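Please keep the sequence and the three-dimensional view at hand while reading.

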Amino acid sequence: MADTPVDRRKFLYGTAVAGVTGLAGCSGGGGSGGESEESSDSGGDSGGSDSGSDAGSDSGSEESSSEESESLELRVGTSAGGTRDVGLAVERAVSQESDTLNYSTIESPGYIGTIYRMAQNQFNAGITDNNSLNKALNDEGQFAEQSVSRIPYYGFSAFPYSIYIIARDGTDIETFDDLAGKNVYPAEPGYSTRGTTLDVWSQEPTADVYEQMNIQNMGVGDAPGAMEEGSIDASIAYGTPGVRYTGFVQEIASRVDIHYVEPTDALIESAESFSGAGTTTTPYSEWEMPQDIGTDEVFTWDLEVNYTFNPEANADAVYELCRVVNEANDVVNEGEAQFNDFGGAGDMLGYAQESIPVHPGAVQYYEDNGVWDDSLQVGE
């Protein structure tokens with residue numbers, strides 16, 4: 001990704017953000033996350049950001065120590081569905097494993113809505129995804145209409161939504177190229193999985209096939225019936241490998257005979273060249289459908305979901321949260337298996353990108369554990 005947007009914004013912080021007021025429904029345009037994303041502004045989440053101005057003071061007095069302890073607070077914007085389940089599991093782990101950090105989950109309308117609300121200082125941390133962050137950096141998608149003056153810093157990876165394509169048996173769809181002229185369902189309008197999928201497909205190598213698809217627009221609750229009736233020929237399937245598929249995909253697989261759609265070289269190139277998503281090839285045995293879909297492995301483009309922090313979020317608070325989710329990773333996973341299973345602190349940097357600075361509190365944690373990557377930026 002070009003460095004120009006980073007240079008232009010320089011990740012400004014410390015002042016109110018102009019031009020980002022009165023927002024509602026910020027999850028549109030492919031920005032909301034999870035299976036049941038919020039699409040409206042719930043209101044009432046005002047204030048709550050930490051200035052972090054006392055971080056690093058060392059008076060040695062009991063009063064100063066008390067103020068520092070009280071400053072270890074993170075208000076975490078979290079959208080609905082699986083994302084909220086992950087956020088609540090982390091909150092429970094913090095309450096059990098930390099004596100200093102006060103963590104609270106705040107309702108937020110999707111991943112794009114979380115970026116907007118963090119820019120408004122409605123909370124100082126939030127769960128969002130790399131595709132939405134890159135769009136905010138480049139004033140693309142919804143941010144082309146209303147940009148933000150600062151982008152939250154990366155903290156650590158949370159979980160992926162890994163995406164591939166399934167087709168209804170009898171459609172003569174075998175590879176991605178066969179989707180031209182077919183009725184294709186890329187999830188509900190407004191879902192981040194849909195937005196990321198369409199972004200991948202519209203890349204140069206696959207744009208010709210994408211432009212010939214008949215893209216279907218309906219809620220996820222209607223999709224299984226439409227596929228069963230034959231009005232949808234192919235759909236994306238997604239979930240977290242090793243854990244579960246999202247609800248409507250499970251229902252499709254229980255009602256319709258389906259098969260895996262093989263990726264073409266062009267699709268692989270589109271996915272791998274798109275900065276807003278990762279790619280993986282996963283053994284099908286790790287997250288099987290309730291039927292044989294005719295493949296031993298699946299190639300996926302991945303919506304990479306992260307914990308992010310406003311620049312002024314207290315560095316000690318961010319450090320402590322990094323410590324908890326790494327050292328007490330099993331506690332988080334017991335609460336919600338969808339959260340990443342870290343093999344060590346280095347795995348927490350799995351979704352970090354050179355274009356998005358890492359919060360200084362997280363950087364210190366990675367340095368202390370000997371896993372910091374010097375190719376990444378350190379937030380100011």
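In which loop is Gln216 found? Gln216 belongs to the loop between β6 (214-215) and α8 (223-229); helices (H or I, at least four residues) and strands (E, at least two) are DSSP runs, numbered from the N terminus. The model is a predicted one, in which local features need pLDDT of at least 70 and side-chain atom pairs count only at pLDDT 80 or more, while totals for chains, interfaces and linings use all residues. Residues are numbered from 1 along each chain as its sequence is written, and side-chain values use heavy atoms, with hydrogens and water left out.

With a relative accessible area of 18%, Gln216 is buried; buried means under 20% relative accessible area, exposed over 50%, and partly exposed in between (1.4 Å probe, protein chains only). A polar atom of the Gln216 side chain lies 3.0 Å from the backbone oxygen of Asn214. Beyond residues up to four places away in sequence, Gln216 touches Asn183, Val184, Tyr185, Pro186, Arg194, Ser231 and Ile232, where contact means heavy atoms within 4.5 Å.

Val184 is buried, with a relative accessible area of 0%. Its contacts, again leaving aside residues up to four places away in sequence, include Trp201, Met213, Ile215 and Ala234. Val184 and Ser235 are 51 residues apart in sequence, yet their C-alpha atoms are 5.7 Å apart in space.

The structure holds 17 aromatic pairs; rings of Phe, Tyr and Trp (its six-membered ring) pair if their centres lie within 6.5 Å, and planes under 30 degrees apart count as stacked, over 60 as edge-to-face and the rest as tilted. The rings of Tyr116 and Phe143 are stacked because their centres are 5.0 Å apart and their planes stand at 25 degrees. Since Tyr116 lies in helix α4 (residues 110-119) and Phe143 in the loop between α5 and β4, this pair ties together parts that are 27 residues apart in sequence. Both Tyr116 and Phe143 are buried. The rings of Tyr185 and Phe248, with centres 5.8 Å apart and planes at 85 degrees, form an edge-to-face pair. That pair links distant parts of the chain, Tyr185 in strand β5 and Phe248 in helix α9 (residues 247-255), 63 residues apart. One aromatic cluster is formed by Phe156, Tyr307, Phe309, Phe339 and Phe342.

Asp139, in the loop between α5 (130-138) and β4, has a positive phi of about 55 degrees although it is not a glycine. Asp139 counts as partly exposed, because its relative accessibility is 25%. Ala187, in the loop between β5 and α6 (192-201), likewise is not a glycine and has a positive phi of about 85 degrees. At 0% relative accessibility, Ala187 counts as buried.

Conventions
Polar contact = N/O pair within 3.5 Å; in protein donor to acceptor, adjacent residues only side chain to side chain.
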